[in-house]
Amino acid sequence: MNPTLTYLMDEICAGVEIYYTGRLGGQYLKIAFILCDDYSELVSKLFLLTDNPTWTDKLSSGYFKNYHVVLEDVEASVTARLPAHLQQIKALQDAMTKRRERRNDFFHSTTLLDLSVTSRSCVESFCDLLEYGEVLLGADWRMALEAARNLASLAIMLQLERCAFSDPFITPRVNKILQDWPRNITNNKSKGVHMAEYPDDLHLRLCVTCGGKDLWDKLRALLPPQPRFG
């Protein structure tokens, strides 16, 4: 497995953790959205280099290829090597391109400085990113994802959030699992330790951090069957 993919997966995990740190208050939604957009470009470039080690992200003029040119290179490679997934990749890239335009607006227009993004936008961005990477990089992507700290559990959380947009029964089922999940407290001494009640997002982060595969399996059982790629 390409070690660069391992580094990229750690970065993606950090971006999702940022989303889940301030999801309810909305403090970091824009940051998570922008990071996810950056990751989509990095996944594209990593795929192109994996597919063809001689590929370069520079033009003959010496300037870097822009986002749209990189996606066009991905589309050409998928057309040649993964034609069965071409329409799926094009649909994902269409959504990614719109997000890139929105992300650029944040930086180039001061009138948008007070504009954030919704939680739903972040969820859809990260879900599309994870699907995009799995289609392009297959088994290597899945292996790296499962090895990256808590990303496997967080990826399931994202899928469950997306399912909850159309199925209102998903959220209470997830909340029930988290409500019953034990906190990482092994004793209840009156001295020497500080006890805290963890609110919402922080409790979720701690559940994911301490829950491991047991939590992963319980959450994954709530998902509807999904096709595998690669």
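Student: Which residue has a side chain joined to that of Arg100 by a polar contact, and what is the distance?

Tutor: The model is a predicted one, and the values below are computed from it. The partner is Asp37: a polar contact of 2.7 Å joins its side chain to that of Arg100. Arg100 itself belongs to helix α4, which covers residues 86-108. Its relative accessible area is 8%. Because buried means under 20% relative accessible area, Arg100 counts as buried. Apart from neighbours within four places in sequence, the residues in contact with Arg100 are Asp37, Asp38, Glu41 and Tyr67.

Helix α6 spans residues 151-164 and helix α7 spans residues 170-180; their axes come within 8 Å and cross at roughly 145°. On the α6 side, Met157, Leu160, Cys163 and Ala164 take part, and they meet Ile170, Thr171 and Val174 of α7. By class, this contact comprises 6 nonpolar residues, 1 polar residue and no charged residues.

Finally, the cysteines deserve attention. A search of the whole structure finds 0 disulfides. Cys207 is in no disulfide, and the nearest cysteine sulfur, that of Cys210, lies 7.8 Å away. Cys207 is buried, with a relative accessible area of 2%, whereas Cys210 is partly exposed, at 42%.

Notes
Residues numbered from 1 in each chain as written. Predicted model: local features only at pLDDT ≥ 70, side-chain atom pairs only at ≥ 80, totals over all residues. Heavy atoms only, no water. Axes fitted to C-alpha atoms, helices over the stretch in contact; angles between N-to-C directions. Helix = DSSP H or I, 4+ residues; strand = E, 2+ residues; numbered from the N terminus. Contact = heavy atoms within 4.5 Å. Nonpolar A, V, L, I, M, F, W, Y, C, P; charged D, E, K, R; others polar. Buried < 20%, exposed > 50% of the residue type's maximum accessible area, 1.4 Å probe, protein only. Polar contact = N/O pair within 3.5 Å; in protein donor to acceptor, adjacent residues only side chain to side chain. Disulfide = S-S within 2.5 Å.
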